[in-house]
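Thank you all for coming; I would like to take a few minutes to walk through one model with you. Please have a look at it first, and then we will go through it piece by piece.

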Amino acid sequence: MRGALSTRIQERYSFKIGAALAGIFVLTLAVSVIFGLHIDAGPQEEATDRGIAALAGLMVLLLLNLGLVGIVLGGNVALSLRQLSERAERIGAGEFDVEIETSRNDEIADLYGSIALMRDELREMVTDLEQTRAEIEAERQRATEAKENAERLQQEAEAQNQQLLDIAERFSEAMAHSADGDLDQRLTVETDDKALQSIADSYNEMLTELGAAVAKAQGSAMTIDEMSADLENSGREISRGSQDVAHAITDIAQGAEKQAEELHEAAGEISSLSAATEEVASTTTEIAKQSDDVSTLASDGREAASNTAEMMESTVERTETVVETVDELVEEAQQIEQVIATIDEIADQINMLALNANIEAARAGSGAGNVGDGFAVVANEVKNLAGEAMKAVDDIERTLQSVQGRAVETADEISEVDASIRTAEDDVSRVRDQLDTIAQDINDVDTSIQDINRTADEQATTAQEISTIVDSVAEIAEETRDQTGDVSATSQEVTASTETVANLAQELDEQAEDLSDIMSEFTVSRGTLATIESN
Amino acid sequence: MTENLLFSPTALYFGTALLLALGALVFFSRAALASGDRRSILILGTLPAMFMALTYVMMGLELLTVTVTGTGGREQSVVRFVAYTGVLAIVVYVLRELVYLSQKQFVLLLIPFVALPWFALASWVTTGAVESLMSGGAFLSYLAGAYLLYGPLSKVASRAGGERRLLYVKVTHLAVLCWGALILTSALSEQAAGMLDFFVGQLVASYIDLLFMLVFAALVYNNRDLFTGKREQVEKTTD
């Protein structure tokens with residue numbers, strides 16, 4: 001509120017003066033109150049003197065304050081107006097780039113703005129006036145020049161008109177000669193007018209070109225005459241040739257039809273081949289699978305042979321142990337035989353002893369209670385025992401001999417078995433090696449079968465592609481057949497056309513003779529002909 | 001002497017001293033915050049108010065008093081005139097710095113402004129023809145100073161440029177106006193024409209002193225940017 005009021009006062013010069021005067025009034029009023037109190041504070045008889053003093057003092061203060069306002073406000077305004085006046089004078093002198101700015105924002109600032117605006121408009125106006133004056137001067141200059149040019153052009157036009165009339169008369173004469181067929185006539189123009197010179201040059205050039213064209217036409221007419229005769233002969237030959245071509249095309253069409261049929265058959269064969277190849281590929285696939293199975297079986301057999309070989313080696317080791325055991329058994333039987341021989345000797349001795357005992361018993365006598373009897377009995381018993389022992393020894397000996405014999409036989413048989421096993425082991429080793437070879441061969445066969453399988457697949461694919469190509473070729477052959485039919489028809493039409501051409505050539509020959517007669521009416525100099533020939 | 005005054009002279013002096021001191025303090029504090037080359041001139045602008053504040057204190061203490069003739073034996077302190085001498089010398093110095101017065105112009109202007117208060121004092125303590133002579137001397141000094149300010153020195157000031165010339169004119173107007181008011185007050189005072197009594201005269205004089213000192217300080221402060229240029233540059237631009 002206070003700021004807005006301050007701004008409002010600064011923007012209006014009248015408000016500034018009013019505010020200053022209001023301040024003076026308030027100040028004077030306050031001093032008046034003080035002076036009034038001063039008057040009232042004194043005695044009654046001094047009131048008049050104090051009143052006069054107060055009035056005089058107030059007058060002095062009022063003058064002082066008004067002077068101060070004049071200093072502060074008037075000085076600023078005077079300076080601003082003086083500066084503005086100086087700048088306005090500079091503008092009046094034509095100095096339009098003078099700066100008109102002020103830090104004030106009251107009516108004087110508006111006046112500055114108005115003067116600045118006036119300066120800008122004056123500058124613009126002066127610029128426009130100078131530009132307009134320059135334009136008018138330029139227009140006036142142009143008008144003068146245009147008038148002079150118009151007069152000069154009129155004179156030149158009259159001269160040119162006369163010159164044109166002369167030249168036109170000469171042109172007319174030259175053209176009349178040219179119309180009569182004299183193409184060696186040329187225009188000679190002695191003038192500075194480039195247009196007339198250009199027309200004369202163009203006309204001369206036209207005559208030269210026309211002469212060249214006529215000469216060329218004469219040559220061409222003769223050439224056409226000769227060529228039309230040749231063309232007629234050629235047309236006849238072409239007609240005959242086209243008939244031969246038609247026959248040849250008919251043969252080609254028949255050949256193409258036959259080719260198409262054979263290609264259809266070939267396509268069928270190739271399709272069969274493709275199917276067979278696919279069957280081969282399928283079969284080789286099965287063979288490959290079976291070879292894989294055989295390879296697996298061979299591997300299993302090789303493993304079984306290895307196991308058998310190992311078992312046989314174990315059996316051989318065991319049979320060797322059995323042979324050793326049997327040999328030891330035979331040795332022990334021989335030792336038993338020695339024991340039995342010893343027992344037999346002992347039994348013989350016991351028997352001898354019993355015989356001696358009997359002899360002794362016999363010596364001792366017989367009868368009841370007789371010692372000899374008892375002794376004889378014992379001797380008999382011993383003798384019996386010895387006899388039984390000898391008998392048992394004989395049995396043992398026989399048995400032992402039987403065992404010994406069987407052990408020997410067993411040892412021999414075991415040796416034979418060992419030999420057989422060794423032979424079998426060798427056989428099994430050879431079988432294992434052969435199985436290894438078989439497995440390797442089967443792997444090779446399997447690889448070859450895989451190659452065959454891939455090759456068969458590729459052959460099948462290739463056969464399929466060949467079949468497709470053959471089909472396409474067959475279609476092309478059919479199209480060729482159809483087109484050769486069209487070509488045959490076309491060749492027949494060509495034959496007819498060539499006959500027409502031959503007829504037309506005959507007519508052209510007649511026309512060329514007429515043209516040659518017409519061209520002979522034009523006269524062309526040798527120089528022109530030389531120029532044409534050189535070109 | 002017994003008078004029925006609204007305020008005692010001492011209260012009037014101390015009150016004026018207080019207002020002057022407050023004003024001087026405000027401008028001094030602002031001067032202290034200014035940059036180097038501006039600070040000295042701003043402080044110089046506050047010195048008159050400081051001198052007068054001190055003067056009024058001394059007047060309140062009734063120091064260096066003389067008996068003023070024609071007032072029934074009223075004692076008046078002469079300190080006021082000493083202070084006026086200093087104040088006017090400072091004002092003249094500021095004008096010199098403002099518009100670049102020459103040494104001769106400075107001395108020439110200083111003489112009437114220094115003589116003026118002492119002629120006034122002399123008129124206070126003399127009587128008869130001498131008093132009239134002293135009063136005439138004071139008035140002539142005033143006129144001489146005004147002539148110099150508005151005459152030859154104004155032309156010098158016009159060469160210093162718009163803003164400087166404007167401040168010169170304002171300070172000149174202020175000095176002439178306030179000294180004119182003081183002379184008028186003196187002429188109307190009880191020891192001269194007798195139209196003003198002591199209270200009104202002193203109040204008007206105090207008001208004039210307040211106005212002169214504080215407005216001078218404000219003018220210097222508001223135009224502090226004008227005191228930063230070099231004399232040679234200004235003389236070159238104003239040639």
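This is a predicted model: local features need pLDDT of at least 70, side-chain atom pairs count only at pLDDT 80 or more; totals for chains, interfaces and linings use all residues.

Let me begin with a question: is Gly219(A) buried, partly exposed or exposed? Gly219(A) has a relative accessible area of 25% and is therefore partly exposed, where buried means under 20% relative accessible area, exposed means over 50% and partly exposed is in between, with a 1.4 Å probe and protein chains only.

Residues are numbered from 1 along each chain as its sequence is written, chains are lettered from A and ligands numbered from 1 in the order in which they are written, and side-chain values use heavy atoms, with hydrogens and water left out.

Gly219(A) is found in helix H5 (residues 194–364) of chain A, helices being DSSP runs of H or I with at least four residues and strands runs of E with at least two, numbered from the N terminus. The C-alpha atom of Gly219(A) is 8.4 Å from that of Ser516(A), although the two are 297 residues apart along the chain. Chain A as a whole is divided into domain 1 (2–134) and domain 2 (218–527), with bounds that come from an automatic or database domain assignment, and the centres of these two domains, taken over C-alpha atoms, are separated by 132 Å.

The largest nonpolar core has 90 residues, a nonpolar core being a set of buried Ala, Val, Leu, Ile, Met, Phe, Trp, Tyr and Cys residues joined through side-chain atoms within 4.5 Å. Helix H8 (residues 198–222) of chain B gives the most to this core, with 18 residues. The residues with the most contacts inside the core are Phe35(A), Leu109(B) and Phe212(B). Leaving aside neighbours within four places in sequence, Phe35(A) is in contact (heavy atoms within 4.5 Å) with residues of both chains, including Ala54(A), Leu58(A), Phe199(B) and Leu203(B).

H8(B) also packs against helix H3 (residues 47–92) of chain A, at an angle of about 10° and with the axes 9 Å apart; here axes are lines fitted to C-alpha atoms, for helices over the stretch in contact, and angles run from 0 to 180 degrees between N-to-C directions. That makes H3(A) roughly parallel to H8(B), because angles under 35 degrees count as roughly parallel, over 145 as roughly antiparallel, 65 to 115 as roughly perpendicular and the rest as oblique. Among the residues that meet are Gly57(A) and Asn65(A) in H3(A), and Tyr207(B) and Leu211(B) in H8(B).

Within chain B, the axes of H2(B) and H3(B) come within 9 Å and cross at roughly 175°, which means that H2(B) is roughly antiparallel to H3(B). The contact includes Phe51(B) and Tyr56(B) of H2(B), together with Arg80(B) and Tyr84(B) of H3(B).

Finally, two backbone details in chain B. Phi of Glu62(B) is near 60°, a positive value in a residue other than glycine, and Glu62(B) is exposed, at 58% relative accessible area. Tyr100(B) has a phi near 55°, also positive, but Tyr100(B) is buried, at 10%, and lies in the loop between helix H3 (79–99) and helix H4 (103–125) of chain B.
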